[in-house]
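I opened a new notebook page for this model. The plan is to look up the overall build first and then a few single residues.

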Amino acid sequence: MIEEIKKNAEQAVIELIDIAGLKEKDLLVVGCSSSEIVGKKIGTSGAMATAEAIYNAIAPILSKHGIYLAAQCCEHLNRALILEEEAATYYGYDVVSVVPRPHAGGSFATTVYENMNSPVAVEEIRANAGMDIGNTLIGMHLKRVAVPVRLSVTKIGEANLVCARTRPKFIGGERAVYRGEQR
């Protein structure tokens, strides 16, 4: 099952990067319920091996593209985010003092924290795109305007996968002219 989870996560992140047009220094928020992936109710059966499989599948791909990963913590840490200190500094986010653990932050956020070079926590971000694995509600951390993205992968393990990209707001009404692709 772990190999299938990794394969699906890799495929999903590759497709999302392409469809969302993500580029170097963009932010991708990932909310991940390892409980849901293994077929349990969110927050009840954290699975570190599953979280590690997701991280090991997506982190090298994001790194190759220079895209910053932001891992959303669970509700016990008010959905704070774990990201590299470099990303927090680049975007001017205020760092808060907390270290995620499997039962206070979640297995995925804990895994990300343990594997990043210089991890920090922040309370909020405005990501360019997001992956919600298991109904973790990442929308609060996306830039406006969020646009649903359909991928060939709709589940990772037993968890639903919902992805989004963002685009600039359209302003100005019927006389306005918009440039380029309607990102």
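Before placing any residue, I note that helices (H or I, at least four residues) and strands (E, at least two) are DSSP runs, numbered from the N terminus. With that, I located R79 in the loop between β2 and β3, the latter covering 81-84. The model is a predicted one.

Entry 1, overall build. I counted the elements of the protein chain and got 5 helices and 9 strands. Read from the N terminus, their order is α-β-α-α-β-β-α-β-α-β-β-β-β-β. I then looked up the radius of gyration, which is 16 Å for the protein chain; the globule rule gives 16 Å for 183 residues, so the chain is as compact as a globular protein of that length. The C-alpha trace spans about 55 × 35 × 30 Å along its principal axes.

Of the 183 residues in the protein chain, 48% are buried. I took the contacts between residues at least 6 apart in sequence and found that 70% of them join residues at least 24 apart. The protein chain exposes about 9700 Å², and carbon and sulfur atoms supply 49% of that area. For charges, I recorded 20 positive and 21 negative side chains, with the centres of the two sets 7 Å apart.

Which residues touch the most other members of the largest nonpolar core? I found L28, I54, I58, F108, M131 and I133, in a core of 43 residues. Two or more residues of this core come from each of α1 (2-20), β1 (27-32), α3 (48-65), β2 (68-72), α5 (107-115), β6 (129-133) and β9 (159-166). Helix α3 gives the largest share, 9 residues. Another core, of 16 residues, lies apart from this one, and its members include L27, Y68, I125 and L142.

Setting aside neighbours within four places in sequence, F108 is in contact with V30, C32, A51, I54, Y55, I58 and A71. Two of these partners, I54 and I58, are also on the list of residues that touch the most other core members.

I looked up T50, which is placed in helix α3. T50 counts as buried, at 5% relative accessibility. What does T50 contact beyond its neighbours within four places in sequence? The list is I2, I5, S34, I37 and V38.

L62 also has its place in helix α3. I noted a relative accessibility of 1% for L62, which counts as buried. Not counting residues up to four places away in sequence, L62 touches V13, I17, L28, I67 and L69. One of these, L28, is among the residues that touch the most other members of the largest nonpolar core. Last, I compared L62 with V96: they are 34 residues apart along the chain, and 24 Å separates their C-alpha atoms.

Technical notes. Residues are numbered from 1 along each chain as its sequence is written. This is a predicted model: local features need pLDDT of at least 70, side-chain atom pairs count only at pLDDT 80 or more; totals for chains, interfaces and linings use all residues. Side-chain values use heavy atoms; hydrogens and water are left out. The radius of gyration is taken over C-alpha atoms; the globule rule is 2.2 Å times the number of residues to the power 0.38. Buried means under 20% relative accessible area, exposed over 50%, partly exposed in between (1.4 Å probe, protein chains only). Contact means heavy atoms within 4.5 Å. Accessible areas come from the Shrake-Rupley method with a 1.4 Å probe; for residues, only the protein chains shown count as cover. Lys and Arg count as positive and Asp and Glu as negative; His and the chain ends are not counted. The place of a charge is taken as NZ of Lys, CZ of Arg, CG of Asp or CD of Glu. A nonpolar core is a set of buried Ala, Val, Leu, Ile, Met, Phe, Trp, Tyr and Cys residues joined through side-chain atoms within 4.5 Å.
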